Amino acid sequence: MSHYQAFLEGGDFPTPIGKIVCLARNYVEHAAELGNEVPEEPVLFIKPASSLVYPGGQVEIPAYSNNCHHEVELAVLIFQRCKNVSVETAMDYVHGYGVAIDMTLRDTQAKLKEKGYPWEIAKGFDTSCPLSIFKNKYEVGDPHNLGIQLRVNGELRQDSTTACMVRKVPEIIAYVSSIFTLDAGDVILTGTPAGVGPVHSGDVMEAWIEDVGSLKVSVK
Ligand code: MG
């Protein structure tokens with residue numbers, strides 16, 4: 001059992017964080033900046049709970065990479081086991097929203113993509129998933145109309161809106177739950193907008209999503 005807990009503002013969410021299912025290429029401008037097309041079927045990968053970093057923590061770039069990128073993403077916390085849910089009922093399984101950074105070893109990922117290998121060592125390494133506390137969904141407006149930003153050392157690097165997501169949260173949950181049973185404490189990352197870029201030792205990242213909150217972590 002993981003010892004990583006999902007923290008909900010105003011009180012603990014009593015379930016450990018399980019798997020973190022991530023969507024790739026869900027914002028058109030970000031797919032384009034990496035020379036990718038938005039895929040017809042969603043592209044999914046999983047980060048283990050051991051990848052989590054809480055607010056105020058540190059990201060440690062593995063020695064095998066020289067190009068670690070930030071990707072700010074809206075995180076969705078699931079609070080009830082579900083499988084094969086419909087788009088219409090998907091939101092019933094959402095507890096709340098958080099701010100996540102999908103830390104990605106871009107050089108490692110490029111090599112893996114070239115060979116057709118899985119992305120895990122580029123995406124799921126220890127400290128690859130900084131995550132904020134969660135805000136209850138009833139305190140957040142339309143999750144598809146929220147400002148989303150990331151600053152490095154105070155400089156604005158990513159600045160967009162979740163309105164630019166290609167696949168919306170209910171559709172994502174319906175699809176993900178058709179592949180993986182979702183359990184209470186599982187988290188879904190919904191993709192990043194344009195503006196991804198490298199971070200280096202000593203950098204401070206501040207991610208923010210309107211209504212949801214902010215998240216500050218440093219790079220060791
Ligand atoms: Mg991502």
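Author: Let us start with exposure: a residue is called buried under 20% relative accessible area, exposed over 50%, and partly exposed in between, using a 1.4 Å probe and protein chains only. The model is predicted, so local features need pLDDT of at least 70 and side-chain atom pairs count only at pLDDT 80 or more, while totals for chains, interfaces and linings use all residues. Residues are numbered from 1 along each chain as its sequence is written, and side-chain values use heavy atoms, with hydrogens and water left out.

A salt bridge here means a side-chain nitrogen of Lys or Arg within 4 Å of a carboxyl oxygen of Asp or Glu. Counted this way, there are ten salt bridges.

One of them joins E155 and R157, at 3.7 Å from N to O. Both ends are partly exposed: E155 has 47% relative accessibility and R157 has 27%.

Another pairs E9 with K135, whose closest N and O atoms are 4.0 Å apart. E9 lies in the loop between β1 (5-8) and β2 (11-16) and K135 in strand β12 (residues 135-136), so this pair ties together parts 126 residues apart in sequence. Strands are DSSP runs of E, at least two residues, numbered from the N terminus. E9 is partly exposed at 43%, whereas K135 is buried at 14%.

K220 and E60 form a further bridge, with closest N and O atoms 3.8 Å apart. K220 sits in the segment after β18 (213-219) and E60 in the loop between β6 (58-59) and β7 (68-70), 160 residues apart. K220 is exposed at 53%; E60 is partly exposed at 43%.

Finally, salt bridges link K47, E71, D102, R106 and K123 in a network.

Technical notes. Helices (H or I, at least four residues) and strands (E, at least two) are DSSP runs, numbered from the N terminus.
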